[in-house]
Amino acid sequence: MRRDNQSSVSEFLLLGLPIQPEQQGMYYALFLGMYLTTVLGNLLIILLIRLDSRLHTPMYFFLSHLALTDISFSSVTAPKMLMNMLTQTQSISYSGCICQEFFFLLFASLDSFLLTSMAYDRYVAICHPLHYTRMMRQSLCFLLVLVSWVLSFATALLHTLLLARLSFLRSNTLPHFFCDLSALLKLSSSDTTINQLVILIVGSVVITLPFICILVSYGHIGATILRRTSIKVIYKTFSTCGSHLSVVSLYYGAIIGLYFVPSSGNTNDKDVIVSVFYSLVTPMVNPFIYSLRNRDIKGALRNILTRATFSV
C-alpha cells in the first residue's frame with residue numbers, strides 16, 4: 001500500500017450488527033443456523049448433481065457452480081462475524097480486511113455471471129429447443145464458467161489494487177460486520193475519485209449488463225411461451241424457469257435495495273441489514289428454492305435415499 005510517508009492503520013474495528021448486547025446470544029444461534037443450512041443445503045445440491053446422471057445437463061452444471069459459489073460467498077463473511085460475536089472482539093487485520101473484500105467481490109460477481117449463463121441456457125432450451133444440444137454443447141458450458149471466473153477475478157483484483165493504494169488515517173472503525181468496499185472508501189483519508197469511477201464502470205459490466213441480459217432472455221422466453229396455446233406447455237415452462245427467476249429476484253432485489261433505494265433512516269444500519277440478507281439469507285434459501293420447485297432435484301434426492309435405504 002502507498003503510505004505517502006505517513007503511518008496507516010494495521011487493523012480495523014468492525015462494529016458488527018445493530019443489535020443489543022443482550023440479544024447477541026439469540027442472533028448468534030440464528031446466524032450460525034443460517035450459515036450451516038447454507039453450507040449443508042448447497043453441498044446437498046452439488047452431491048445430488050454429481051451422483052445422479054440424469055442431472056448431468058448444462059442447467060445443472062451451472063447450478064452446481066452456483067451452489068459452490070454460494071457456499072464460498074457466505075464463508076467470506078459469516079465465520080468472522082460469528083467468531084466476533086462469540087468472542088466479543090471487533091478487530092480484523094488490515095491484510096485480513098483486504099482479503100475479505102477481495103473474495104466478497106469475487107464471489108458476488110461470479111454469482112451475477114452464473115445467473116446470466118443459466119438464463120441463457122433457459123432461453124436456448126425454450127426458444128430454440130431443436131438446436132439445444134448443438135448450441136449448449138459441453139465446451140460452451142465450460143467456456144462460460146471459465147469466462148465468469150476470469151471476469152470476476154479481474155473485477156475483484158482491480159478494486160482491491162485500487163483500495164490498497166488508499167491511506168486510512170482518520171479512523172479504523174467500520175460500521176459494518178465485514179469489510180465492505182463502500183464503507184472502506186468512506187473511511188479512507190485519500191482521494192477516492194478513481195475508486196468511485198471504477199465502481200461505476202465495472203458495476204455496469206458486472207451487475208447492470210448481466211441483469212439486462214437476463215431480462216432480455218426472459219423477455220424472449222415470455223414471448224415464445226405466449227405464442228403457444230397449450231396450457232400444459234406453458235405450465236411446464238414456468239415450472240422449469242420458476243426456480244431461476246426466484247433466485248434472480250432475490251439476488252438483484254437485494255442489490256437494488258442496497259445500492260439504489262434511498263434510505264430515510266440510519267443509512268449505515270440499513271446497509272448492514274440488507275447486506276445480511278444479500279450475503280447470508282439469499283445463499284441459504286437458494287437450495288430450498290431449487291429443491292422445492294424442481295422435480296428433477298426432488299427425484300434425485302428420492303433415488304439417493306432409496307438406494308441408501310436398500311443398501312442398509
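Thr 38 is buried, with a relative accessible area of 1%. This residue belongs to helix α1, which covers residues 24-51. The model is predicted. Its chain holds 10 helices and three strands, and buried residues make up 48% of the 312 residues.

- Thr 38 counts as buried because its 1% relative accessible area falls under the 20% cut-off.

**Val 248 and its surroundings**
- Val 248 sits in helix α8, residues 231-259.
- Val 248 has 5% relative accessibility and therefore counts as buried.
- Beyond its neighbours within four places in sequence, Val 248 is in contact with Leu 115, Ile 214 and Gly 253.
- Ile 214 is 34 residues from Val 248 in sequence, yet their C-alpha atoms are 8.7 Å apart in space.

**Packing of α3 against α5**
- Two packed helices are described by the angle between their axes and by the distance between those axes.
- Helix α3 spans residues 94-127 and helix α5 spans residues 138-164.
- Their axes come within 8 Å and cross at roughly 150°.
- Angles over 145 degrees count as roughly antiparallel, so α3 and α5 are roughly antiparallel to each other.
- The crossing of α3 past α5 is right-handed.
- By class, the contact of α3 with α5 has 20 nonpolar, seven polar and one charged residues.

**Annotated transmembrane regions**
- An unreviewed UniProt entry lists residues 26-49, 61-82, 102-120 and 140-164 under "transmembrane region".
- In the model, residues 102-120 are 100% helix and 0% strand, with end C-alpha atoms 27 Å apart.
- Residues 197-221 are likewise 100% helix and 0% strand.
- The end C-alpha atoms of residues 197-221 lie 35 Å apart.

**Chain overview**
- From the N terminus on, the elements run β-α-α-β-α-α-α-β-α-α-α-α-α.
- Among contacts between residues at least 6 apart in sequence, 79% join residues at least 24 apart.

Notes. Residues are numbered from 1 along each chain as its sequence is written. This is a predicted model: local features need pLDDT of at least 70, side-chain atom pairs count only at pLDDT 80 or more; totals for chains, interfaces and linings use all residues. Side-chain values use heavy atoms; hydrogens and water are left out. UniProt positions are given in the numbering used here, feature names are shortened, and annotations may be inferred rather than shown by experiment. Helices (H or I, at least four residues) and strands (E, at least two) are DSSP runs, numbered from the N terminus. Axes are lines fitted to C-alpha atoms, for helices over the stretch in contact, and angles run from 0 to 180 degrees between N-to-C directions. Angles under 35 degrees count as roughly parallel, over 145 as roughly antiparallel, 65 to 115 as roughly perpendicular and the rest as oblique. A crossing is left-handed if the near helix is turned anticlockwise from the far one by less than a right angle, and right-handed if clockwise. Ala, Val, Leu, Ile, Met, Phe, Trp, Tyr, Cys and Pro count as nonpolar, Asp, Glu, Lys and Arg as charged, and the others, Gly among them, as polar. Buried means under 20% relative accessible area, exposed over 50%, partly exposed in between (1.4 Å probe, protein chains only). Contact means heavy atoms within 4.5 Å.
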